Amino acid sequence: MDRGEQVSVAWAGIREGLKRDCGARLFDHWLKPIMLAGMSDKGDVIRLTLPTEFHANWVRAHYADRLLLAWRAQIPAIREIRIEVAPSEVVTRIYTADEQDAAPAAPPVPGFDARQTFDRFVVDDENRVACNAAKALASGELRFSPLFIHSATGQGKTHLMNAIGAAYRARVPGATILFMSAERFMVEFVSAMRDKDTLAFKQRLRSADLLMIDDVQFIAGKGSTQEEFLHTLNELTGAGKKVVISADRAPQALDGVESRILSRLASGLVVDIKPATFALRLKIVKAKLAGMQDVQMPEAVAELLAARIQTSVRELEGALNRLTAYALLNDRAIDLAFAQEVLGEMLNASTRRITIDEIQRAVSAHYGMRQAEMVSARRARAVARPRQIAMYLAKRLTPRSLPEIGRRFGGRDHTTVIHAVKQIERLRGEDADLDADVRTLIRQLEA
């Protein structure tokens, strides 16, 4: 038996032991997703990977020692277990005996999280257009390329990219799909230049039927990388191939990116995902709970999570995972008191009360105007635009109703507030300077 076979057999035995000792519920939720990534050349280090940082941290905290002992029992030479997050490059999946029948006919798409499909993407008004565009591209119905998806961190961009990859592969089984972060694009390109092997790098990227680049904002300021990125875009789109790009802001707002690239990115279809509202956050919590058949959570606790964890969908899911894991490990029923006990820090961190007065004061100072002008009848652009930004921030950062916000801005009607919010949302995607101002103000107010 060679080393590879020995490791595979050992891993199969370890998994069976964990499932038997920990119980099916805990194993399926936390330990089954562990993937064997390989063994060091010396044969003394085993690398295991998990799909998310949260998942990896939990396994490190609760099972690192147990995994090390289990491996040493199977292979005495093992002295270290490394538990990591699965990288964007190819991860070798070693199927155990009981998984062989369920193994897909086609190899897994490199870098994709198989759990992030369209079926599991919770849709509401904030993300509906982006989701429909992603489905249309994956099904071959979208003629525009590239598809550019932008949103704040943790709102679902990467989920949609994973879903596109899975659906595209299902429709075109033999397709060549590449999915990488902009950072990895840069690292591989620089490495290819250092090794004087840029031709192979270019051929690999340009042979793709579907190329997906995540967090493209990170190519900012990298001249030669941007040049290669632009050539790749042009080659693929010119050949009728599909390209999907994600970023944390609209193309026009990407600082340090060449205008030629910005123009190319904007020439396809640009869609955004707005921050999740309470209604969407509650739908997400309930959708996740529907997949946890052994978890019972009162409506009041679900509403608490949706109301208090507002920063990102990713953080909301992390809070839900933490709460359900603690309930499982401590054999506790989930109620409001238990949720407060387990998630106290997370809930408190999300509840700093920002007032409309603070917002008006901060915006006035930023634009060098008197706070009194926020409630005045003046309509000069130098006053009206900052006032609209303040209304937008009041809607986004406070729980105040539209009529109440209007009253705090000189007795204006709620329709004026609605217009201001829509206007600033639109301008943030078109005006890089205004978007930078809003980002600065948000950081300042939330600090």
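Visitor: What makes Asp215 partly exposed?
Guide: The relative accessible area of Asp215 is 24%. Buried means under 20%, exposed means over 50%, and partly exposed is what lies in between, using a 1.4 Å probe and protein chains only. So 24% puts Asp215 in the partly exposed class. Before we go on: this is a predicted model, where local features need pLDDT of at least 70 and side-chain atom pairs count only at pLDDT 80 or more, while totals for chains, interfaces and linings use all residues. Residues are numbered from 1 along each chain as its sequence is written, and side-chain values use heavy atoms, with hydrogens and water left out.

Visitor: Where is Asp215, and what is its phi?
Guide: Asp215 is in the loop between strand S6 (210-214) and helix H8 (223-238). Those names come from DSSP runs numbered from the N terminus: helices are H or I with at least four residues, strands are E with at least two. Phi of Asp215 is near 55°, which is positive in a residue other than glycine. Most residues other than glycine have a negative phi.

Visitor: And why is Asp331 called exposed?
Guide: Its relative accessible area is 71%, so Asp331 counts as exposed. Asp331 also has a positive phi, about 50°, although it is not a glycine. You'll find Asp331 in the loop between H12 and helix H13 (336-349).

Visitor: How do you know which rings form aromatic pairs?
Guide: Rings of Phe, Tyr and Trp (its six-membered ring) pair if their centres lie within 6.5 Å; planes under 30 degrees apart are stacked, over 60 edge-to-face, and the rest tilted. That rule gives four aromatic pairs. Take Phe185 and Phe201: 5.6 Å centre to centre with 70° between the planes, an edge-to-face pair. This pair links distant parts of the chain, as Phe185 sits in helix H6 (residues 182-194) and Phe201 in helix H7 (residues 198-206), 16 residues apart. Both Phe185 and Phe201 are buried.

Visitor: What makes the pair of Phe189 and Phe201 tilted?
Guide: The centres of Phe189 and Phe201 are 5.6 Å apart and the planes make 45°, so the pair falls in the tilted class. Phe189 lies in helix H6 and Phe201 in helix H7, so the pair ties together parts that are twelve residues apart in sequence. Phe189 and Phe201 are both buried. Ring pairs link Phe185, Phe189, Phe201 and Phe229 into a cluster.

Visitor: How do you know that Arg171 lies over the face of Tyr168?
Guide: A charge sits over a ring if NZ of Lys or CZ of Arg is within 6 Å of the ring centre and within 35 degrees of the ring normal. Arg171 lies over the face of Tyr168, at 5.1 Å from the ring centre.

Visitor: Why are H10 and H12 called oblique?
Guide: Helix H10 (residues 278-290) and helix H12 (residues 313-330) pack at about 40°, with axes 11 Å apart. Under 35 degrees is roughly parallel, over 145 roughly antiparallel, 65 to 115 roughly perpendicular, and the rest oblique. H10 and H12 are therefore oblique to each other.

Visitor: Which residues of H10 and H12 meet?
Guide: Arg281, Ile284, Val285, Lys288 and Leu289 in H10 meet Val313, Leu316, Glu317 and Leu320 in H12. Contact means heavy atoms within 4.5 Å.

Visitor: Where is the cis peptide bond?
Guide: The bond from Ser145 to Pro146 is cis, with omega near 5°. Pro146 lies in the loop between helix H4 (128-139) and strand S4 (147-151).

Technical notes
Axes are lines fitted to C-alpha atoms, for helices over the stretch in contact, and angles run from 0 to 180 degrees between N-to-C directions.
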